[in-house]
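Please examine the sequence and the structure shown below. This briefing then takes up its main features, topic by topic.

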Amino acid sequence: MRNLYRYLKNTALTALSVVALNACVSLEEEPIGILAPDSFYKTESDFQAGLNGMLSPMWVSWGGYSFNWGVFQIPGAMADDIATAPHDAFLQFDRFNYDPNNGQISNLWGIHYAVINNANILISNLETTSVISEEKKAHLLGQAKFWRANSYFILTQWFGEVPIITTENRSNADKVGQSPVADVYDAIVLDLQDAESTLPPSFPERIRPTSWAAKSLLSKVYLTMAGWPLKEASAYKLARDKAKEVMDGSSYALEADFKDLWIADNGLTNSEFIFFFKGVNSGGWPNPGASFYHHASRHPKEAGWGDFFSEATFYNNFPDGYRKDVSFTTSWPDGTSFPADVAEPFVAKYRDAGSEIISYEGTDLTGVNSEGYASYVHMRFADVLLIFAEADNQVNGPTGEAYEAINQVRRRALNQDIYTPDPAVDLSGLSKEAFDKAVIDERAWELAFEEKRWFDLVRKELIVEVKGVEYPHINQNFGHLPKPALEVEQIEGLEQNTY
Amino acid sequence: MNKIRHYLLFLFLQLTLALGAFAQSTISGVVKDNAGTPLPGVTVAIVGTTYGTTTDFNGKYTLTEVTADAKLRISFIGMVTQEILVGNQSTIDIQLETDYEELEEVVVVGYGTVKKSDVTGSVGSIKNEDLNTLPVARADQALQGRIAGVEVQNNDSAPNGHTSIRIRGANSVVGGNAPLIVLDGFQSGMSLNQINPNDIASIEVLKDASATAIYGSKGANGVILITTKNGAKEQKPTISYNGFVQIQQVAKKIDLMNAADYAETVNANRTELGGNEVFTPEEIQGFKTNGGTDWQDEIYRNGFTQNHHLGISGASEMLNYNISAEFLDTKGVIEGSSYNRYSLRPNLSFKLSEKLKLNLNSYIAREVDHPTTQNSFTDSPIFASQVWAPTKPVYDEEGNYSLPGGGYGPVATGNPKALAVEPVRDNFTNRLSINGDLNYKIIDGLTLNIMGGYNQFDYENNYFNNSKILQNPGQETAGIAVGRTTTLQNTNMLNYTKSIEKHNFNVTAVLEQQYEERNWSESGARGELLNAGGYNGLQMGSEYLLPTSSRSKRTLLSYMGRVNYNYDSRYLLTVTARSDGSSVFGANNKRAFFPSVALGWNVTNEEFLKTSETLTNLKIRGSWGQVGNQAIAPYTTLPRLRTGASAQFPINGMNLSSGVAISPTAANPDLKWETTTQANIGFDAEFFGGKIQATFDYYNKLTEDLLQNAPLPKTSGSSNVLRNIGKVENKGIELYIGATPVMSGGFEWNTGITFSRNRNEVVDLGDVEEMPIGNGGGLPGFNNVIWLETGQPMGVFRGYEYSGVWTSAEADEAAKVTSGGVAFFPGAPKYVDQNGDGVIDDEDIVNIGNAHPNFSFGWNNTFKYKGFDLTVFIQGVQGKDTWNLSRVRAEITNNDGDATSTKILNRWSEDNQNTDVPSFQGYNAFSMTNSSRWLEDASYIRIKAINLGYTFSDEMVSKLGIGSARVYLNGTNLFTFTNYSGYEPEASTGTDTWGGIDMASYPSQKSYTLGLNVTF
């Protein structure tokens, strides 16, 4: 018995010494190299990094606007300028066969809400910080608000009534519901008015939105508010005035040569881009990083994927001339061409400077920018001119100023001097309605494949007129995409669009 | 083996006897066992000398000239050794007691061993000899079809190919389903493919919760325990050599068109779709005369493998040792692919004193892998060889690789030959593992074992892509990724064994701590000057890949206890409990408790069956327990910012600037373990003294708090969060039947069948009934094909149901159905209009299959006659579906390329109505990739191995001065019966939920082997 006791004691001691080893591992996690959001913002550089991060969802490897079928071309395929390859997931758009589970829809939604949420966090941190100067703070706030407004604007154009998310309700995102379209526009206008007043007229970097960018976007927002679904006719005047401010006050102007807009090297220097994303071809490898990736829009004959292209009808209606040559690709290195051998014309804008410009001799395509530093243009001066022409006509009828605005675009389209009137080219003597139609047509041609046409068709309630013959099942409600199924499923009060 | 050893020993003793000529008296006697049967071959030796003898066939021994103070030591395998003082006796008869501990097979269970008869859990066991049916240098493949409930799938058949091992199905969607591998007690992170079967003494697979619960939070997917070899008791130094050479050939070729047919088909396509013909009649005539390129022949070759394994083992009073060295060299069947490995495994065991033992097991290895790119539609030579135009030559007139494009064929896929040969892929791996333990016997029955393990795994994956494939100088890329995983383990274990009358106790208490640190970094460059030094001169690049690096740590601190109790070896009880604390879980859920209990009844130890000669062994087992899965990444519970490439933005329009953004994955501080509760009932039976054996198990597993990447509303700025939601159930049966139907006239036939059937079902998904979990494949239109749905297996496949092609006779009917506003027509694919609304849209998408097999089996037969042995191993899987995605692009023509498969020759036309291949126009108009047309039944039965060996007789080998020798011929994968049309029905890009997608995996091979096993 005593022996047993001693053994037990020995055992206990041994066990204790074993337990003493215990101190080696700790169950608390101390992350290495992983940044915690609460304590991150300490310097101006940190805020700039926040701004970069806020923008990154829109211009990221294989996603956002940098991969040019993802966010705009495929969902834009409902419009008459774009058609897609026969892949079911793409055709759903092209044929108005909307599927709320479609990944493109979810991307479209997610990218812009990612921007909004990042902007929210950035803005609330900026508003409380004292580590940076008031001027820098104003500039950063202005940029964050600009992009937040832009994101809501894109969202409401695609989806109508969408949630307004803030830093406060973010943690309960499943209960945010949705806001009436008018409220969404109120938020957009408020942000843009802030941005307009806090942003400088220029930045050393062309990519940063300026006060002019805010004004331009505001004019587009007002123009859109005047159309479907809000139909606030009074907004035309606001649109007109903002556009006029930009026309009169800014240094932006039409590029003399339409071709030069699409030459990647001109991206940062041309006079026409007001706000845009500029692809870069460094650091983005092996994925095309923050570059504009073009394979999707090029014909397989040129090592493209042919995921989207133009429509023959659109091509046929497109007025002949210089701008048409720059906008479309209709012949290929192997000697084939549209319409003789290929059923559809292809898009040329995103191939550096268009097929007619680049020589096919010897099929050397090394000059063609296939993945790299071309630009995705959100807003350029031609757009502002046409906004003005349309809005001014709505307010005052076709004024001389309105004629001049549209005619400048028309002259440039034929590679003529922009500021020299030419009766053979210029519009004149139209009724208000005819002028309006002329502007919308001009927009279709001038801004073809730039994600503008579909929104024009929607706000002007032209969907059924333009696409209804081909797709008799559509109505004006098809102007909004279905909201992503998972959002509707998860968010209380978020209603699916009906058709 | 034994015979030879005895023979040699006998010879040796004869010699010593002849020398001993100076002692005093002669003693003799008979050695018997406790049943009174005389034992031949028993060693009778004088302690402290080399003098001794062995008993003859009547158990009789005689020793001459023995002094009175001499002590006899009588020893025999399986018996307790006795020592007897000679004294003045001249006749000493000895009765040896059976050493049950040694004689009875012991089974390694976690943290200890138990006698086979005392096992209460469901434990599958395989010994070294059974691992050698397949001539492979990796234990995972050797395990396929061998243990019921253990599913081994060769996801690809590359030289260093991936297998997935699943024990009783898959429990988890994102937590991982790979079993825990424990090598000699060390959870080192080693995988089975690195272990040469020749180094393995036994593999035990713990399947039910009673067996796995002692591994707590790591045990949910089952546990595989590997015991490596060590020198046997009192074994003289033995050198063994096991080696083989092997030739492999691609098991099958895909049936693709010749150049002329291809050219005509391309022309037909262009004509049908209103374009111009690509090939002139003269060109086609030329192809008919001269043929074209068979791309499969261009990239495939005969593979060659050699494996040499040299071991030396032995044991003395002080030291048991087994030191093995191995060389493996595999040249794959695809040009450019190869893998080799050099390894050394010294296992040492020191007896420091009667009470103290030190074991030291080490492993050091170097692997060099040159893999082929798989599962890519642009860079895989396997895929390329299936879609490239046979009309194109390998090289153009200038000797460069021919390029894609030219108005037909694939657009973005490189030349198959170039893709096979040109890319440099140099993956180097170094491994070091040291695992030691001190075993101290405190008192009889009470031992303390302190174990420490260190494992270091270093990898360096390098690549260089020159510009020859696409002839795009300036686009050369090179890069290096390096990483290290360090694993530390300390296990402190007390074990107490006590028997009080018929009550037998074994109590184990364990304190264990584990630490794992992973770090990696990656860099790369692009530019023409890289041609100079490839990945060894990244500084020559003209632009650089954003360098990235990371480091993470995880710890686990555990307490474990186990009580094994049995009464009279009749009634068995095992109770275990483990408490695990893990760093990776949220502050509120750091610790978890995993209990289990098991009962067993050795029915044949009861009086009423003890004498039965029919039923010689029957044990009934039942168990219940809970096990966890902690397989989440460190820091998942903490809020983080996204950095790196995906948070950059080119704010200046010229280059990228770093950024920070909200992580798409939200933090979840409440994360905890997945818990699997498992009940198991089964029996082990033996009839006629082991001539027939059977093991049966039924189990039911319910995994709760499933870790799931739950989608968040993207409205919140994050898109998902890891959450514990949902339940998955796995239930099934396992059956093993082994028998020796014939054993007479020197002929012996042993046969064994394993059968496993598992039913996997999603029971609950929280708030929703179903959720899509992805696409996979990367084919346009191949979207949302994998779903979780309650009542269905994890990862059910969804798509349109394909039912052939609309015929001309059905023209009117077809016209009533539309998709996207376009009406169907003869020649168009026919998709079932599930809701009958006349519109084929997403409402017609239904469940069309899943990748979980209905059942799988293995059937092994060994025939022995004289020196010959023949093994035939058959194995199969039934009821598993696989998306054959490489077939999609071989059978269709679209902007991405032209059809190459001969099936396209059977496409619909007015004259060919009875077909399931649509016309070009038809498919062009309705090209649903997510349709059952591309989903195939991947069931198979295969004669996995035929192995014919010959063991040289003792006379022959002794003349050569060697211990034993066997040569064998083996054919592996010779016959496969399947309807799957791809290379290999087992092929899969992913596993479990993501399994069943085949995107041109490395093809499987038939292999022919010549092998040799020798000992000296």
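The structure is a predicted model. Chain A has 499 residues and contains 16 helices and eight strands. Its contacts with chain B involve 90 residues of chain A and 83 residues of chain B.

**Chain A as a whole**

- Of the 499 residues of chain A, 55% count as buried.
- Among the contacts in chain A with a separation of 6 or more, 65% are between residues 24 or more positions apart.

**Where chain A meets chain B**

- The two chains touch through 90 residues of chain A and 83 residues of chain B.
- On the side of chain A that touches chain B, at least two residues each come from α1 (2–20), α2 (44–55), α3 (88–94), α4 (103–128) and α16 (485–490) of chain A.
- The element that gives the most to this side of chain A is α4(A), with nine residues.
- Sorted by class, this side of chain A holds 45 nonpolar, 29 polar and 16 charged residues.

**The domains of chain A**

- Chain A is divided into domain 1, which covers 41–199 + 468–499, and domain 2, which covers 295–368.
- The centres of domain 1 and domain 2 of chain A, taken over C-alpha atoms, are separated by 31 Å.
- Between these domains of chain A, 12 residues of domain 1 are in contact with 12 residues of domain 2.
- Strand β1 (residues 82–84) of chain A gives the most to the side of domain 1 that touches domain 2, with three residues.
- That side of domain 1 of chain A is made up of seven nonpolar, three polar and two charged residues.

**A sheet in chain B**

- Strands of a sheet pair through backbone hydrogen bonds, either parallel or antiparallel.
- In chain B, four strands form an open sheet in the order β3-β2-β5-β6, and their pairing is antiparallel.
- Why is one side of β3 and of β6 of chain B left without a neighbour in the sheet? Both β3 (52–54) and β6 (82–85) of chain B stand at the edges and have a single partner strand each, so one side of each lacks a neighbour in the sheet.
- From one strand to the next, the twist averages 20°.
- Strand β5 (residues 71–75) of chain B and β6(B) run antiparallel and are joined by four bridges.
- Opposite L85(B) in β6(B) stands K71(B).

Technical notes. Residues are numbered from 1 along each chain as its sequence is written. Chains are lettered from A and ligands numbered from 1 in the order in which they are written. This is a predicted model: local features need pLDDT of at least 70, side-chain atom pairs count only at pLDDT 80 or more; totals for chains, interfaces and linings use all residues. Two residues are in contact if their C-beta atoms, placed from the backbone, lie within 7 Å. Ala, Val, Leu, Ile, Met, Phe, Trp, Tyr, Cys and Pro count as nonpolar, Asp, Glu, Lys and Arg as charged, and the others, Gly among them, as polar. Domain bounds come from an automatic or database domain assignment. Two strands pair if DSSP finds at least two bridges between them. Axes are lines fitted to C-alpha atoms, for helices over the stretch in contact, and angles run from 0 to 180 degrees between N-to-C directions. A residue is buried if 20 or more other C-beta atoms lie within 10 Å of its own, exposed if 12 or fewer, and partly exposed in between; C-beta atoms are placed from the backbone.
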